[in-house]
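Please find below my note on the model under review.

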Amino acid sequence: MTKQVIEPTPNLPSSSSRKSKKSPQNSSSNPSFSTGSDNFIIPSTASTSSFYKDSRRSSASGRTSLSSLRESVLPDQPNIYDFQEICAATHNFLLKPHSSSSSSTAWLCSIRDQQSVVVQRRFRRQIDTAQLIDRLTVICKSHHSSLVKLKGASISGSYIYLVYDYVVSASLADCLRNAKNPNFTVLSSWASRIRIASDIAHGLDYVHNSTGLGFEFVHNHIKSSSIIVVEPNLNAKICHFGTSELCGEIMRENVESRELKRSDSKINKFEGTRGYMAPEFQRSGIATQMCDVYAFGVVILELLSGMEALTYTVDEESGSYVRISVVDAARGAVEGSGGGLRQWVDKRLKDSYPVEVVEKLTRLALECVADDPDGRPDMGKVVVRVSQMFLESQEWTEKMGVITDFSVSLAPR
């Protein structure tokens, strides 16, 4: 099927003149680009057939010309999905969710004869139409083996529906912490752990530095539950690339962001996940690439120890809650003596790992979670160091004759 891009047109027929299904949020079903119900400058949705334009035809609107996009003849133009396609694929959103959280819901379904994951998120702030299309275009044409690909999007009212490739996998969080069998992990070898660390580093470096945009990308959703592990080689892929950019979660350091920061409006309050939020993000609500670096450091510490990023337990004597942070535990292990690091590293690795490499990776992760963002390395530097550790790990494996050619499975146990 030919992939097409829709463009805004100035004078469009009212949605009331046509019959169409409404979204679950009682939003408009008009496919034109217009002002949304919450003062978002976003496309609303309904049958888009009359608004698809020939790729050689110049914009009829005085606003937002897409001629440069069409003329680029990109191999991967972003799909603009008709909202009715989303409704049909999800059985009008009655399909059992693939996953759900306070900020999003996802459905595993078939769209255009392809298995996909549809993620519903609310817009966090006003987004200019041209900016939205430009970023969607770049994100959809991005390719990296460590990223789950965004195929396209649909918009209805104040909601955006992001369509991602479906990849058979398990989350890194589930691979590290099997609720049914805590003593088992599919990531039982050091080779699998360092491979995942390398994949995440390369994927995030691509997000930050290799998309060819005139602005910096921020992921803003790096955590162990947003990283998947894929068979047969147990490679890692980062999910939700583009979500924060397309939902208006990212505020740039300019006049607009300063105005948003001063506002008390609920749509300008941004979410984070406890244990992964950099200190400066908790203070300002402004996500930057250094916030991604912080979250990356936390994930690496989880990967090394098997611990959760942040947990609370009840002290039996006092009855009060005790905060347990993987960052604090790692700092104590590195600063301690008498085999502190060996005591901290995941016991399920059975002490079969290159100690020097583990210590290097732990110290790198702790640099990434420095309280001062200026003290953190950027991902360009991180990926070089992790790549060197990956090579050292391969040399250690060959030297030790560690058996790595065995069958593994992510199936439930």
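The numbered points that follow begin with the basis of the model and then turn to its architecture.

1. Basis. The model is predicted: local features require pLDDT of at least 70 and side-chain atom pairs count only at pLDDT 80 or more, whereas totals for chains, interfaces and linings use all residues. Residues are numbered from 1 along each chain as its sequence is written, and side-chain values use heavy atoms, with hydrogens and water left out.

2. An open sheet is formed by 6 strands in the order 3-7-8-6-5-4, with mixed pairing. Helices (H or I, at least four residues) and strands (E, at least two) are DSSP runs numbered from the N terminus, and two strands pair if DSSP finds at least two bridges between them. Strand 3 and strand 4 (99-100) are the edge strands, each pairing on one side only.

3. Strand 7 and its partners. Strand 7 (residues 150-156) is mostly covered, 7 of its 7 residues being buried; buried means under 20% relative accessible area, exposed over 50%, and partly exposed in between (1.4 Å probe, protein chains only). Strand 3 (residues 79-80) pairs with strand 7 in the parallel sense over 2 bridges, with Ile80 opposite Ala153. Strand 8 (residues 159-165) runs antiparallel to strand 7 and is joined to strand 7 by 6 bridges; here Ser154 stands opposite Tyr161. Strands 7 and 8 form a hairpin with 2 residues between them, and Gly157 in the turn has a positive phi of about 60°.

4. Ser116. The Ser116 side chain reaches the backbone oxygen of Gln114 at 3.3 Å. This is a polar contact, that is, a pair of N or O atoms within 3.5 Å; within protein, one must be able to donate a hydrogen and the other to accept it, and residues adjacent in sequence count only if both atoms are side-chain atoms. Beyond four places in sequence, the contacts (heavy atoms within 4.5 Å) of Ser116 include Trp107, Cys109, Lys151, Val163 and Tyr166.

5. Helix 3. Helix 3 (residues 129-141) lies across strand 3 and strand 7, at about 155° to strand 7; axes are lines fitted to C-alpha atoms, for helices over the stretch in contact, and angles run from 0 to 180 degrees between N-to-C directions. Its buried residues include Leu132, Ile133, Arg135, Leu136 and Ile139. At the start of helix 3, a side-chain oxygen of Asp128 reaches to within 3.1 Å of the backbone nitrogen of Ala130.

6. Strand 10 (residues 227-230) pairs with strand 11 over 4 bridges, and Ile227 has Ile238 as its bridge partner.

7. Ala201. Ala201 belongs to helix 5 and is buried, with a relative accessible area of 0%. Beyond four places in sequence, Ala201 is in contact with Phe296, Met379, Val382, Val383 and Val386. The C-alpha atoms of Ala201 and Ser387 are separated by 8.8 Å, although these residues lie 186 residues apart along the chain.

8. Helix 12. The buried residues of helix 12 include Val357, Val358, Leu361 and Leu364. These buried residues pack against helix 5, helix 9 (289-305), helix 10 (326-335), helix 11 (340-344) and helix 13 (379-400).

9. Nonpolar cores. A nonpolar core is a set of buried Ala, Val, Leu, Ile, Met, Phe, Trp, Tyr and Cys residues joined through side-chain atoms within 4.5 Å. Of the 89 residues in the largest core, those touching the most other members are Leu172, Leu187, Trp190, Ile200, Phe296, Trp344 and Leu361. Helix 9 supplies the largest share of this core, 12 residues. Apart from this core lies another, of 13 residues, among them Tyr81, Ala89, Val118 and Val163.
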